[in-house]
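Subject: Structure for your files

Hello,

The structure is below, and my notes on it follow. Please read them alongside the model.

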Amino acid sequence: MRNFGYLKVASAVPPVRVADVEFNVEQIKKMINKAVAKGVEILCFPEMCITGYTCQDLFHNAALLDAAETAVDDLADYCEDLPIVVIVGAPLRQGDTLGNVAAVIAGGKNYFVNKTFYPNYGEFYEKRWFNDGYIASEPTVFLMPSGEKFMVEICEDLWSPVPPSSRAAGTGVDIIFNLSASNELIGKHQYLQSLIAQQSARCIAGYVYSSAGFGESTQDVVYGGNAIIYENGVCLAASERFSLEEQLVTAQIDVERLQTERRKNTTFGSVNADEEDVNYIELDVEQPDEKFRLERPYDPHPFIPKTEDMAASCNEIFSIQVMGLVKRLVHTRCENVVIGISGGLDSTLALLVATAAFDKLKLDRKGIHGITMPGFGTSSRTHDNAVKLMKSLNISLLEIPIAAAVEQHFKDIGHDAAKHDVTYENSQARYRTMLLMDIANQTGGLVIGTGDLSEAALGWCTYNGDHMSMYAVNIGVPKTLVRYLVRYFAENEANAETKKTLLDIIDTPVSPELLPDSQQREPGQRTEDILGPYELHDFFLYHFLRFGFAPEKLLLLAMRAFDGINGPMYRAEEIKKCLALFLRRFFAQQFKRSCMPDGPKVGSVSLSPRGDWRMPSDAAVKLWLDKV
């Protein structure tokens, strides 16, 4: 898609003088020029911005209507050679009727869209001036030269039980523009925002809203001037209300992302409108020829909830994990679980989930069998933290050193213990899993998996080793989120002793601890030295699975997201290298995901082969690597 699927739009709130058409048109032209300079492709103005919305019975006067029609033609001439589509509101005559109209101006031509619903209650009495007979029966959809589709509705249309955009969305409309003149009342703004958010989300579309501002008559009401841009329920930009100055709010709407969401949403696809009932208009307008630059910000940590109450969000995620395990325990009638505790983040979170599940079921925590199994690479820091954590949580603790048993295993299979290869590492992981499974049989319990979503994506687990369990409570939680959840528990749920241990675990480098190290105080093997930063992998994972973006766009977004205040956090080549590694491992390790244990989905991205993600284990990655 052109420009990676982005379309730059703007909502404008110009100064207005009631019934002063000449002044209003000059202000509109000034804002058109500013929008063009910013590379805006579609610009939306408020309802009746040509004359002012509050002209009242002056709408019956020929002088005002003549001036309005002349102004619309003047704007068409003005925009003829400009690379922009402009949408303005005006009162326009058609035979014996008068309509509240949006004029879509492109390439020197005017196209008109009529308001569908005229309010005639409270402070509104539009049917005094405008005629229902002006309403068109079919939706009008405009096509940009680069393929994007948009439609226009006017103010009250959004407030109706079934907005025109609901019907038009079924035709594949990507962006909805709303020209409005909605007055301010206490509490109304929040309701308006919820309407726009819900309509953009329900239609899986962009929604650009422009409402009348300063200069409209305050005889009975006040207009605050709202310029608001939403994308699928998320606010991208909003103006300052009650400003005396003009407002021009811009945003890049990701049309490719919207279209991907629609293709995945089978409910949306089932409400397609009858194409024969749609009035399609292809616009002939020049497109900005400047080089594309991604302007909209991107969160480097998309899995971390962005809410005002982070503790509440973490509690919700944690509760999903807990309830998943509770159901499994009730179904199996188990009062014992077995967890391998390494002193790392993942096993810590799994243990916290298990304790909460046991407390919810009023089971004795001694039924939680925490087993630490120090091996060749276990550091004293992680070992000590594992023991401290289990003691502070008052669970059953068992320590089983595995070095001697694994060395005997090496002798049995004829492996040189001095050769620290994949056999050396995986033998430890598989032996630990065997111990956990056997102890689960002894106690009549379940082995609780500790692996997370990021490890599943990268295959960073030993097949039939830590890859396997009887219920995987962390499988829906990516590595970047695990840290937040453990910190949430430490700061909101833990006693002083447990909190101290949890905070030290959070500060410990992530490591599989499978290779021996001369120091043995700190983990000698660091996962991110091998794989690259988990925050990059989680960023790629989210956008690759959630929106199906190609490698070029993943690189573009990562460059933008990790461009910090003090300069880029990662060099371009570093990001590219990490993306190539992510793609290679993601494709190559699907065979592990195809048979991974049950576990709860907690966010919008999951890798369950029974749910969100199904792919052949032998799919080729060449196409994606070639693009990198």
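Is Arg 365 buried, partly exposed or exposed? At 24% relative accessibility, Arg 365 counts as partly exposed, where buried means under 20% relative accessible area, exposed means over 50% and partly exposed lies in between (1.4 Å probe, protein chains only).

Some ground rules first. This is a predicted model, in which local features need pLDDT of at least 70 and side-chain atom pairs count only at pLDDT 80 or more, while totals for chains, interfaces and linings use all residues. Residues are numbered from 1 along each chain as its sequence is written, and side-chain values use heavy atoms, with hydrogens and water left out.

Salt bridges

Arg 365 forms a salt bridge with Asp 359, with the closest N and O atoms 2.6 Å apart; the term means a side-chain nitrogen of Lys or Arg within 4 Å of a carboxyl oxygen of Asp or Glu. Asp 359 is also partly exposed, at 37% relative accessibility. Elsewhere, Asp 346, Asp 452, Glu 455 and Lys 479 belong to one network, joined by salt bridges that share partners. A search of the whole structure gives 31 salt bridges.

Another of these pairs is Glu 41 with Arg 2, where the closest N and O atoms are 2.8 Å apart. This pair links distant parts of the chain, 39 residues apart: Glu 41 is in the loop between α1 (21-37) and β2 (42-44), and Arg 2 is in the segment before β1 (6-13). Helices here are DSSP runs of H or I with at least four residues, and strands are runs of E with at least two, numbered from the N terminus. Glu 41 is buried, with a relative accessible area of 5%, whereas Arg 2 is partly exposed at 23%.

Arg 546 and Glu 261 also meet through their side chains in a salt bridge (2.8 Å, N to O). Here 285 residues separate the partners, with Arg 546 in helix α17 (residues 534-547) and Glu 261 in helix α6 (residues 255-264). Glu 261 counts as buried, at 11% relative accessibility.

Sheets

An open sheet of 5 strands runs in the order β16-β15-β14-β17-β18, with parallel pairing; two strands pair if DSSP finds at least two bridges between them. β16 (396-399) and β18 (471-472) are at the edges with a single partner strand each, so one side of each has no neighbour in the sheet. Strand β14 (residues 337-340) is joined to strand β15 (residues 368-372) by 4 bridges, and Val 338 has His 369 in β15 as its bridge partner. Helix α12 (residues 422-443) packs on this sheet, touching β14, β15, β16 and β17, and its direction makes about 160 degrees with that of β14.

Strand β6 (residues 140-143) pairs in the parallel sense with strand β13 (residues 279-282) over 4 bridges, and Phe 142 stands opposite Ile 281 in β13. β6 is also joined to strand β7 (residues 149-154), by 2 bridges and antiparallel, with Leu 143 opposite Lys 149. The hairpin of β6 and β7 has 5 residues between the strands, and in it Gly 147 takes a positive phi near 105 degrees.

Regards

Conventions: Contact means heavy atoms within 4.5 Å. Axes are lines fitted to C-alpha atoms, for helices over the stretch in contact, and angles run from 0 to 180 degrees between N-to-C directions.
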